[in-house]
Amino acid sequence: MDEAIRLRLQADVPVGCYLSGGLDSSTVLGMAARHTSHPIQAFTIAFDQPPYDEQAFARETVEHVGANLHILPVSQSDLVSNFADAVYYGERLSNTISTAGKYLLSKATRDMGYKVVLTGEGSDEIFGGYVAMHEDMLLYNREGQDEQTVQQLLAELQLNNPVSALLLETDASKMPLKGVQRTLGFVPTWLKNISAGLMKAGIKKLYPFYTPAFAAFVAERDAFRIFLNRLDVQGQLTGREPVNQSLSLWSKTVLPNYVLRMLGDGVEMAHSIEGRLPFLDHHVVELVRDFPVSLKIRGATEKYVLREAARPFLTDTMYYRKKHSYSSPPYALQSNQPLQELLQDTLRGEVMKSLPFYDQKAVIALLDQLPEMDDSKRTQVTFTLTGMVSACILQERFKLTG
């Protein structure tokens with residue numbers, strides 16, 4: 001890691017660091033600070049609601065390593081105003097406006113004269129940092145633990161990860177995942193999360209919002225089977241530890257298509273920012289690939305070996321802190337708020353009418369019901385409606401359908 005960071009600091013222009021309140025970016029910043037004769041400039045986002053605002057953790061880290069911190073406050077209005085550009089440059093659907101936060105961070109960094117930044121992406125994919133992989137470890141790599149111990153650790157996992165706890169779903173009995181179970185011998189938690197999200201949204205309840213042709217098309221597809229059929233399961237996954245299988249599947253799909261594309265290169269290059277990722281240096285990846293799972297996740301501690309190696313560069317707070325995935329606060333749709341206005345204006349408009357996927361009249365009927373919903377229901381519906389808005393943005397910018 002030290003060599004990977006040293007190499008990526010070489011440039012004809014100043015190199016900064018993106019800094020969240022997490023272990024990965026704090027490690028990169030701390031190690032990078034040893035290779036420079038002047039304080040490194042760190043850039044971070046500040047949201048307007050705890051626990052999504054991590055600026056206090058970022059401040060503690062820069063004081064510890066002797067860096068300078070630049071904080072970008074981001075409001076709901078800022079995210080909404082820049083959501084269309086973030087989707088355009090990310091070139092994919094998005095069901096959350098938080099993607100616009102990374103777009104704004106890159107813009108602010110470029111406005112300060114920086115063109116190159118080191119980032120912490122890739123660490124979770126090689127060290128098993130996501131909460132879902134931690135759950136996989138508890139469920140499928142029990143190492144002699146009794147059932148009571150497993151259940152206790154699962155409960156602690158949810159308690160210690162209040163933001164990510166919404167993504168944990170261990171009951172797959174009612175989900176369409178039998179094909180995954182037959183193929184892999186287990187169901188990775190992150191795939192259960194996707195299925196759980198569809199089930200909680202009532203996927204069949206979404207059919208009335210689709211055109212008849214698209215609803216029929218979706219109903220006939222086994223998305224999970226199609227997903228696995230496109231991968232070399234027999235050659236690359238069979239016989240490996242379940243956690244490593246889960247990480248491999250994630251790294252071939254979510255990492256390149258969302259983490260690196262939409263939250264990374266897409267929004268960074270929109271402002272001519274070059275993001276450099278020391279955790280994905282091939283020497284680092286090849287080394288960590290062969291580590292036993294117990295070095296990646298140990299008991300209640302994720303990314304164990306990284307946490308120990310990086311201990312000299314971390315504050316006590318950061319060393320003991322649990323994984324916190326990047327996300328903006330979940331905004332319940334309220335009247336006269338920017339997100340509400342974006343959804344209403346876009347989904348009632350002409351671009352929505354031109355999409356071949358949705359029945360606009362049914363969507364408008366849902367919009368009309370929003371004032372009668374409680375905050376919890378409106379927040380849940382927000383993700384579905386935001387995804388529709390992103391489809392409208394792609395249609396308007398790229399003219400994908402006639």
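**Helix packing and burial**

Student: Which residues of helix 17 meet Ala-86, Val-87, Tyr-89 and Gly-90 of helix 4?
Tutor: Ala-86, Val-87, Tyr-89 and Gly-90 supply the helix 4 side. Contact means heavy atoms within 4.5 Å. The helices are DSSP runs (H or I, at least four residues; strands are E, at least two), numbered from the N terminus. On the helix 17 side, the partners are Arg-261, Met-262, Gly-266 and Val-267.

Student: What kind of model is this, and which atoms do side-chain values use?
Tutor: This is a predicted model: local features need pLDDT of at least 70, side-chain atom pairs count only at pLDDT 80 or more, and totals for chains, interfaces and linings use all residues.

Student: Are helix 4 and helix 17 roughly parallel or roughly perpendicular?
Tutor: Their axes come within 8 Å and cross at roughly 95°. Axes are lines fitted to C-alpha atoms, for helices over the stretch in contact, and angles run from 0 to 180 degrees between N-to-C directions. Under 35 degrees counts as roughly parallel, over 145 as roughly antiparallel, 65 to 115 as roughly perpendicular, and the rest as oblique. Helix 4 and helix 17 are therefore roughly perpendicular.

Student: Helix 4 also packs on helix 25. Which residues of helix 25 (residues 375–398) take part, and how do the helices lie?
Tutor: The axes are 9 Å apart, at an angle of about 65°, so helix 4 and helix 25 are roughly perpendicular. Helix 4 (residues 76–90) contributes Phe-83, Ala-84, Asp-85, Val-87 and Tyr-88. From helix 25 come Thr-386, Val-389, Ser-390, Ile-393, Leu-394, Arg-397 and Phe-398.

Student: How many nonpolar residues are in that contact of helix 4 with helix 25?
Tutor: Ala, Val, Leu, Ile, Met, Phe, Trp, Tyr, Cys and Pro count as nonpolar, Asp, Glu, Lys and Arg as charged, and the others, Gly among them, as polar. The contact of helix 4 with helix 25 has 2 polar and 2 charged residues. The nonpolar count is 8.

Student: Is the crossing of helix 7 and helix 15 left-handed or right-handed?
Tutor: The axes of helix 7 (residues 131–140) and helix 15 (residues 242–251) come within 9 Å and cross at roughly 150°. The two are therefore roughly antiparallel. A crossing is left-handed if the near helix is turned anticlockwise from the far one by less than a right angle, and right-handed if clockwise. The crossing of helix 7 and helix 15 is right-handed.

Student: Which residues of helix 15 make the contact with helix 7?
Tutor: Helix 7 uses Met-133, Asp-136, Met-137 and Tyr-140. By class, the contact has 7 nonpolar, 1 polar and 1 charged residues.

Student: How many residues of helix 2 (residues 23–33) are buried?
Tutor: Buried means under 20% relative accessible area, exposed over 50%, partly exposed in between (1.4 Å probe, protein chains only). Among the buried residues are Leu-23, Asp-24 and Met-31. Of the 11 residues in helix 2, the buried number is 10.

Student: Is Arg-321 buried or exposed?
Tutor: Arg-321 sits in the loop between helix 21 (316–320) and helix 22 (338–347). Beyond four places in sequence, its contacts include Glu-54, Phe-57 and Glu-302. With a relative accessible area of 15%, Arg-321 is buried.

Student: Which side chain does Glu-3 join in a polar contact?
Tutor: Glu-3 lies in helix 1 (residues 2–8) and, at 42% relative accessibility, is partly exposed. A polar contact is a pair of N or O atoms within 3.5 Å; within protein, one must be able to donate a hydrogen and the other to accept it, and residues adjacent in sequence count only if both atoms are side-chain atoms. At 2.8 Å, the partner of Glu-3 is Arg-6.

Student: What is the phi of Lys-399?
Tutor: Lys-399 lies in the segment after helix 25. Its relative accessible area is 60%, so Lys-399 is exposed. Phi is positive in this residue other than glycine, near 50°.

Definitions and conventions:
Residues numbered from 1 in each chain as written. Heavy atoms only, no water.
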